Amino acid sequence: MYQAFFGLNEIPFSIAPNPQFLFLSDRHREALTHLTYGLGETGGFVLLTGEVGTGKTTVSRCLLKQLPETTDTAFILNPSLTELELLATLCDELGIQYGDKPTLKQLTDLISQFLLNNHQQGRHTLLIIDEAQHLRAEVLEQLRLLTNLETDTKKLLQIILIGQPELQQLLQRQELRQLAQRITARYHLMPLTQEEVGLYVQHRLQVAGRHQPLFSSSAIKALHKYSGGIPRLVNLLCERALMAAYGRGEALSLLT
């Protein structure tokens with residue numbers, strides 16, 4: 001609607017996790033580094049946590065683009081599942097065929113065979129679970145059992161758990177101590193600083209096709225104050241500011 005008015009090729013402040021718009025602050029770079037390091041280790045689990053809207057999902061999608069072609073990836077966005085449902089979803093994501101009304105054992109055996117075949121073919125298997133704070137303790141334990149399949153040097157299934165800070169509390173439960181010990185890398189993604197908010201806003205404008213700034217330093221300060229440095233909230237505030245300025249026909253009103 002307002003793209004041409006501001007000299008933009010596309011909407012710059014969508015809240016969709018588009019890796020094209022990923023702004024690599026120092027924190028985001030560290031998060032990617034930790035995820036990459038964790039996947040290079042021999043353990044089964046990597047943990048990424050952060051408050052709502054800090055960019056966890058976007059970081060994970062950026063990671064997916066960096067994975068070698070020899071990696072088969074399953075991405076689960078809704079983890080509010082039973083053990084059976086989660087294994088069936090994992091099979092669906094990996095293209096593993098199963099019959100009607102399979103049992104837990106049947107699904108586990110099929111997944112184990114798939115992992116072994118993948119390893120023999122020189123391929124890797126990765127499971128990414130978003131919103132993992134909603135996982136039940138028994139489902140997490142089932143995931144841990146899946147990572148028991150290993151060679152002398154590595155696990156045949158690696159799992160990235162992405163979630164809000166409550167996930168850290170969940171993993172501190174006594175019955176999950178074995179899983180917690182298998183986490184080879186963990187990172188908590190913090191909000192952006194005021195300086196990073198300014199760089200973030202300008203980065204998204206440039207990706208969308210505008211190289212001249214639209215927001216003054218005082219506007220950036222206000223954005224940081226009211227968003228708390230949360231990228232998703234920055235996007236929402238910037239989007240509303242653009243719409244308001246467009247509605248008034250004042251392209252320069254955002255500079256004050």
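Analyst: Happy to! One cut-off first: angles from 65 to 115 degrees between axes count as roughly perpendicular. Keep in mind that this is a predicted model.

User: Good. At roughly what angle do the axes of α8 and α9 cross?
Analyst: The axes of α8 (residues 194–207) and α9 (residues 217–227) cross at roughly 110°, and they come within 9 Å of each other. That angle falls in the 65 to 115 degree range, so α8 and α9 are roughly perpendicular to each other.

User: And is the crossing of α8 past α9 left-handed or right-handed?
Analyst: Right-handed.

User: Which residues make that contact?
Analyst: From α8 there are Gln 194, Val 197, Gly 198 and Val 201. On the α9 side, Ile 220, Lys 221, Leu 223 and His 224 take part.

User: How many of them are nonpolar, polar or charged?
Analyst: By class, the contact of α8 with α9 has 4 nonpolar residues, 3 polar and 1 charged.

User: Switching topic: how many disulfides does the structure hold?
Analyst: The count is 0.

User: OK, then what about Cys 62 and Cys 91, buried or exposed?
Analyst: Cys 62 has a relative accessible area of 13%, so it is buried. Cys 91 is buried too, at 0%. The cut-off for buried is under 20% relative accessible area.

User: Cys 62 is in α2, I see. Which residues of that helix are buried?
Analyst: In α2 (residues 56–66), the buried ones are Lys 56, Thr 57, Thr 58, Val 59, Ser 60, Cys 62 and Leu 63.

User: What covers them?
Analyst: The cover includes the helix α1 (26–40). It also includes the strands β1 (45–50), β2 (71–76), β4 (158–163) and β5 (183–189).

User: Last topic, backbone angles. What is phi of Lys 101 near?
Analyst: Phi of Lys 101 is near 50°, a positive value in a residue other than glycine. Lys 101 sits in the loop between α3 (83–94) and α4 (104–120).

User: Is Lys 101 buried or exposed?
Analyst: Lys 101 counts as exposed because its relative accessibility is 80%, and the cut-off for exposed is over 50%.

User: And Glu 131, what is its phi near, and where does it lie?
Analyst: Glu 131 has a phi near 55°, again positive in a residue other than glycine. Its place is the loop between β3 (124–129) and α5 (137–146). With 29% relative accessibility, Glu 131 counts as partly exposed.

Definitions and conventions: Residues numbered from 1 in each chain as written. Predicted model: local features only at pLDDT ≥ 70, side-chain atom pairs only at ≥ 80, totals over all residues. Heavy atoms only, no water. Disulfide = S-S within 2.5 Å. Buried < 20%, exposed > 50% of the residue type's maximum accessible area, 1.4 Å probe, protein only. Axes fitted to C-alpha atoms, helices over the stretch in contact; angles between N-to-C directions. Helix = DSSP H or I, 4+ residues; strand = E, 2+ residues; numbered from the N terminus. Parallel < 35°, antiparallel > 145°, perpendicular 65-115°, else oblique. Left-handed = near helix turned anticlockwise from the far one by under 90°. Contact = heavy atoms within 4.5 Å. Nonpolar A, V, L, I, M, F, W, Y, C, P; charged D, E, K, R; others polar.
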